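Have the viewer beside you and follow along.

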Amino acid sequence: MKEIKLNSPRAWFLAARPKTLTGAIIPVLLGSALAFSDGEFKTLPALLCALFACGMQIAANFINDLFDFQKGTDRKDRLGPPRACAESWITPGAMKLGIGCALLLSCLAGLALLFTVWGQLPHGGWELVVLGVVCILFAFLYTTLLSYLGWGDVLVLVFFGFVPVCGTYYVQAYTLNMDVLVLSLVSGLAIDTLLMVNNYRDREQDAVSGKCTLVVRYGRKFGENMYLGLGIAATLLCLWFVNTGRLTLIEFIWAPCVYLCMHALTWRKMVKIRSGKGLNRILGETSRNMLFLGILLAVALAA
């Protein structure tokens with residue numbers, strides 16, 4: 001493998017973890033699909049929501065790298081001199097600048113969104129200001145504190161489910177309904193499978209570092225069952241849209257049900273591998289599965 005130079009464009013690309021942007025795009029896609037179904041879709045607000053979500057995701061990835069590096073420098077068993085943040089080959093000073101730039105991108109997208117919808121929302125748009133501040137605050141709190149206390153899965157449901165799906169729909173339709181709330185939960189549960197397998201893979205290292213994830217707290221078997229259960233729950237919730245007439249039974253079969261089959265096959269591989277680098281492949285498959293669900297469910301809802 002070609003050596004990665006310190007603070008090089010490739011180093012920044014890897015630090016941004018582009019594969020994780022799937023989790024940022026899916027909720028915006030689903031919220032926009034529901035808005036389209038209701039005849040309320042607006043291109044500019046949808047694009048700005050996507051930019052805000054991606055900027056926040058990249059900022060969170062950078063914060064995670066910086067905090068992991070700072071934690072590592074405090075450990076006596078660290079091998080070699082601390083040159084860069086985590087494995088991203090970015091120096092701490094440059095990483096702090098990168099965090100600022102990513103947050104600036106998100107703030108600019110948020111301000112543009114406010115300018116676009118200001119005065120059309122029930123509360124004039126001030127609720128979006130509060131929401132933006134909360135997102136920035138929790139981007140720091142998640143990495144530095146809450147993930148170590150086992151709150152990661154709850155925060156995924158909130159910030160990859162309710163906040164982006166409801167927010168995206170709200171800035172286009174200027175209202176919320178029960179369909180949006182259910183769709184938010186579907187999004188959050190599906191994306192939480194990615195966090196669950198990540199914590200499953202890192203459970204031994206997390207236990208040593210004092211990171212009390214649900215898998216660390218309740219064990220390997222719990223992580224396996226929880227991973228499968230999240231996918232099942234996300235699929236079953238989609239029956240709500242069959243009941244409300246937004247999905248036909250055929251659409252439910254070729255979107256959520258096909259996703260569940262893919263998810264179950266990935267789960268079987270995960271259970272056989274149990275630990276080690278082989279679980280990196282499970283992470284990739286999980287990301288693929290939830291992207292599949294997001295795209296096909298969005299198409300079905302918008303049809």
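I read along the sequence and found the pattern α-α-α-α-α-α-α-α-α-α-α-α-α in the protein chain. My tally gave 13 helices and zero strands; these are DSSP runs, helices being H or I with at least four residues and strands E with at least two, numbered from the N terminus.

A note on what I am looking at: this is a predicted model, where local features need pLDDT of at least 70 and side-chain atom pairs count only at pLDDT 80 or more, while totals for chains, interfaces and linings use all residues. Residues are numbered from 1 along each chain as its sequence is written, and side-chain values use heavy atoms, leaving out hydrogens and water.

Next I looked up the overall size. The C-alpha atoms fill a box of roughly 60 × 45 × 35 Å along the principal axes. I also noted that 48% of the 303 residues count as buried (under 20% relative accessible area, with a 1.4 Å probe and protein chains only).

Then I turned to one pair of helices. The axes of H2 (residues 21-37) and H6 (residues 152-173) come within 8 Å and cross at roughly 40°; axes are lines fitted to C-alpha atoms over the stretch in contact, with angles from 0 to 180 degrees between N-to-C directions. Which residues of H2 and H6 make the contact? On H2 I listed Gly23, Ala24, Pro27, Val28, Gly31, Ser32, Leu34 and Ala35, and on H6 Phe160, Pro164, Val165, Thr168, Tyr169 and Gln172 (contact means heavy atoms within 4.5 Å).

Methods: Buried means under 20% relative accessible area, exposed over 50%, partly exposed in between (1.4 Å probe, protein chains only).
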